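Here is a short briefing to read alongside the model. Have the sequence and the 3D view open, and follow the topics in order.

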Amino acid sequence: MSALQERISAARSDGRAALIAYLPVGYPDVDTSIAAMVAAVEGGADIVEIGVPYSDPGMDGPVIQEAVDVAVRAGVGMADVLRAVTAVAAAGAVPVVMSYWNPIERYGVDRFADDLAAAGGAGAITPDLIPDEAGAWLAASDRVGLDRVFLVAPSSTDARLAATVAACRGFVYAASTMGVTGSRATVGDAAERLVARTRAAAGGPPVCVGLGVSTGDQAAEVAGFADGVIVGSAYVRRLLDGHGADGVRSLSAELAEGVRRAKVQA
Amino acid sequence: MTLSAHAPAPDVPDATASGEWPDATGHFGVFGGRFVPEALIAALDELTAAYEAMRVDPAFLDEFARLQRDYTGRPNPITEVPKFAEHCGGARVLLKREDLNHTGSHKINNVLGQALLTKRIGKTRVIAETGAGQHGVATATAAALMGLSCTVYMGEEDTRRQALNVARMRLLGAEVIPVTTGSRTLKDAINEAFRDWVTNVETTNYVFGTVAGPHPFPMMVRDFQRVIGDEARAQLLEREQRLPDVVLACVGGGSNAIGIFTAFVPDEAVRLVGLEAGGDGVDTGRHAATITGGDPGVLHGARSYLLQDDNGQTVESHSISAGLDYPGVGPEHAFLHDIGRAEYRPVTDAEAMEAFALLCRTEGIIPAIESAHALAGAMVVGRELGPDALLLVNLSGRGDKDVETASAWFDLADRTAPTDPDERAVEAGRGAEPGPGLDTDQHATEGAVSNDRAVAGQDAGEQQ
């Protein structure tokens with residue numbers, strides 16, 4: 001079984017959803033960003049999405065862009081990402097890399113797969129790579145046994161949901177709304193409907209929801225219908241506002257309480 | 001249907017017929033495809049299906065032809081430029097006059113097609129990215145004509161460089177949003193437009209300005225732009241009873257080049273030459289010559305060549321021409337390059353400005369600085385081929401928008417004016433002397449630059 005799915009299943013047997021924290025490597029610098037990831041784990045994150053900085057993050061809103069821009073300008077690269085992977089694994093969470101496709105392609109798909117597996121990474125989430133274009137990544141991740149997480153969206157047709165779920169291993173990333181990353185006042189009904197449709201499309205891997213979740217209450221709401229709750233911009237906001245690792249740890253604690261509040265249907 | 005260079009005139013191809021590529025999923029060999037968030041796939045599928053239906057719908061074809069004739073002013077002429085050609089090794093040079101289109105460039109060809117498509121799929125709002133502002137102006141124009149709401153994303157840096165076009169777009173009723181993320185230029189405007197689109201896709205269509213981006217944009221924009229080459233090919237055959245030896249066009253994203261190349265791609269004896277923005281010289285790293293100086297990778301939804309560093313980060317491009325200042329290029333150009341059907345060469349800022357000044361002074365035509373890169377290419381290729389060669393150059397736009405840039409480059413300011421000419425010269429990236437192309441008496445020069453070496457205007461031609 002995949003490392004990601006195993007961790008999410010363990011959370012489910014506790015009667016709760018998994019908490020997945022996103023932080024980019026290199027903001028405000030590499031060491032501090034790794035310390036923040038470790039703090040997120042200490043606060044209660046089950047899985048950390050380790051963000052690879054990218055110059056053209058088309059799916060990200062202003063908060064993540066601002067942080068990632070700093071990392072890009074500082075020349076943060078895959079070696080730094082792999083160091084973060086090892087640190088997160090040592091802290092006891094499951095590390096999964098989140099990367100736009102070009103940095104992986106530039107590094108070399110096979111080399112990336114080998115090095116990520118060696119560093120103790122579970123796999124990768126690729127927000128601008130659809131399974132239709134993922135031939136090299138499907139082969140490489142199969143070869144070394146890495147998870148691969150693709151996205152589904154409220155606009156996905158049933159046929160695309162089925163095909164995408166079939167290509168996923170670890171979990172399916174359900175984008176809660178049509179839009180970019182960032183906090184929202186409400187997560188909305190679209191996410192719940194999408195999770196239901198994704199589950200109906202195939203009895204595949206767990207379904208985790210991202211985009212827009214920033215508070216413990218929202219985490220509790222999403223935990224009521226999803227297997228995992230993904231939070232990104234709210235974590236990054238803590239760093240942008242200068243709250244550092246302590247701010248990240250306390251947010252994790254609030255969110256971890258949220259995912260435990262809702263009783264998940266087994 | 002391969003034709004020899006001197007074949008008699010065939011029928012003009014169907015104005016919207018596709019070539020042999022891309023394949024059904026939008027790939028030109030290994031290039032192209034769709035590298036976008038899943039959330040956009042449904043919209044891209046809808047656009048592809050609607051476009052496939054529209055391109056064979058006689059009602060659309062009639063309407064498109066009517067707009068091109070009555071609104072754009074097509075067909076535009078080809079103009080022989082013998083005095084300019086004296087600087088091209090005596091080769092004959094003919095210009096395809098896209099500068100005479102309504103709105104001043106080839107960009108209108110594409111936006112009329114995409115605006116009709118927007119209405120066909122029942123959306124009421126269009127968004128667009130723009131660099132120099134030409135595509136933004138064209139989109140704002142089509143939106144005004146067809147009653148669509150229009151938002152244009154433009155890098156903050158470019159809104160300053162091209163303030164005139166910002167005012168034009170606002171006059172036409174468009175909202176112009178300066179983009180302050182990343183490098184604040186065209187590439188960031190495209191990112192921002194994609195973010196708007198993924199958020200508002202139910203009401204909004206993205207009118208993409210070039211032959212880049214995810215499928216179907218490279219195919220669709222090519223089909224809307226191929227009228228340039230279809231017309232020019234027929235005009236040349238009628239006028240000269242032969243095909244050109246070389247077709248030249250500037251390449252940023254590459255829409256005007258694909259537009260004029262496509263009709264000639266089957267004519268194997270016709271050389272296709274794309275001129276990329278060499279900026280300060282490809283060796284300096286300050287350029288926008290994506291195919292000459294870049295590597296394959298993924299940017300803005302497609303695999304193609306791009307300027308990138310070892311981490312796969314897009315590198316900022318540099319060109320005096322805002323319309324060519326883009327670190328990517330359309331996937332069909334990458335494909336034409338790799339199969340050897342087209343060749344791509346860099347032209348420096350200095351070489352382009354020299355050609356710009358020469359065309360102004362010898363023929364009374366002020367070209368867009370983008371198009372001046374193609375003219376500079378003709379000067380080089382003409383000298384290589386000699387007097388028997390027939391060169392067809394796409395004059396993709398006119399230079400009204402570039403008057404300020406050219407004034408600064410050539411130090412044309414009224415010396416009694418209160419503003420400091422030195423300051424403008426410094427802004428143009430050089431010292432207080434006029435840039436290559438005009439001497440201190442403001443006479444056009446030739447031979448001011450060669451092999452990426454710029455010589456100050458007053459010394460131009462000395463070495464000849």
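Two residues are in contact here if their C-beta atoms, placed from the backbone, lie within 7 Å. By that rule, 34 residues of chain A are in contact with 27 residues of chain B. This is a predicted model, in which local features need pLDDT of at least 70 and side-chain atom pairs count only at pLDDT 80 or more, while totals for chains, interfaces and linings use all residues. Residues are numbered from 1 along each chain as its sequence is written, and chains are lettered from A and ligands numbered from 1 in the order in which they are written.

**The side of chain A that touches chain B**

- Helices (H or I, at least four residues) and strands (E, at least two) are DSSP runs, numbered from the N terminus.
- Helix 3 (62–73), helix 5 (101–107), strand 6 (151–152) and helix 8 (158–167) of chain A each supply at least two residues of the side that touches chain B.
- Helix 5 of chain A gives the largest share of that side, with six residues.
- By type, the residues of this side of chain A divide into 15 nonpolar, eleven polar and eight charged; Ala, Val, Leu, Ile, Met, Phe, Trp, Tyr, Cys and Pro count as nonpolar, Asp, Glu, Lys and Arg as charged, and the others, Gly among them, as polar.

**Chain A as a whole**

- The secondary structure of chain A comes to twelve helices and nine strands.
- Along the principal axes, the C-alpha atoms of chain A fill a box of roughly 45 × 40 × 30 Å.
- A residue is buried if 20 or more other C-beta atoms lie within 10 Å of its own, exposed if 12 or fewer, and partly exposed in between, with C-beta atoms placed from the backbone.
- Of the 266 residues of chain A, 64% count as buried.
- Among contacts in chain A between residues at least 6 apart in sequence, 75% join residues at least 24 apart.

**The annotated active site in chain A**

- An unreviewed UniProt entry lists E49(A) and D60(A) for "active site"; UniProt positions are given in the numbering used here, feature names are shortened, and annotations may be inferred rather than shown by experiment.
- E49(A) lies in strand 2 (residues 47–51) of chain A, and E49(A) counts as buried because it has 28 C-beta neighbours inside 10 Å.
- Not counting residues up to four places away in sequence, E49(A) touches I20(A), A21(A), Y22(A), V96(A), M98(A) and I125(A).
- D60(A) sits in the loop between strand 2 and helix 3 of chain A, and D60(A) is buried, with 26 other C-beta atoms within 10 Å.
- Leaving aside neighbours within four places in sequence, D60(A) is in contact with Q65(A), V180(A) and T181(A).

- For "domain: Tryptophan synthase beta chain-like PALP", the unreviewed UniProt entry lists residues 73–397 of chain B.
- Over residues 73–397, chain B is 42% helix and 21% strand, and the end C-alpha atoms are 14 Å apart.
- Strand 14 (residues 390–395) of chain B is largely enclosed by the rest of the structure, because six of its six residues are buried.
- On one side of strand 14 of chain B, L390(B), L392(B) and N394(B) are buried, and on the other L391(B), V393(B) and L395(B) are buried.
- Two strands pair if DSSP finds at least two bridges between them.
- Strand 4 (residues 92–97) of chain B runs parallel to strand 14 of chain B, joined by six bridges; R92(B) stands opposite L390(B), and K96(B) stands opposite N394(B).
- Strand 9 (residues 246–251) of chain B is also parallel to strand 14 of chain B, through three bridges, with L248(B) opposite V393(B).
- Strand 3 (residues 78–80) of chain B pairs with strand 4 of chain B in the antiparallel sense over three bridges, and E80(B) stands opposite L94(B).

**A four-stranded sheet in chain B**

- Four strands of chain B form an open sheet in the order 7-6-5-8, with parallel pairing.
- Strand 7 (175–179) and strand 8 (204–206) of chain B are the edge strands, each pairing on one side only.
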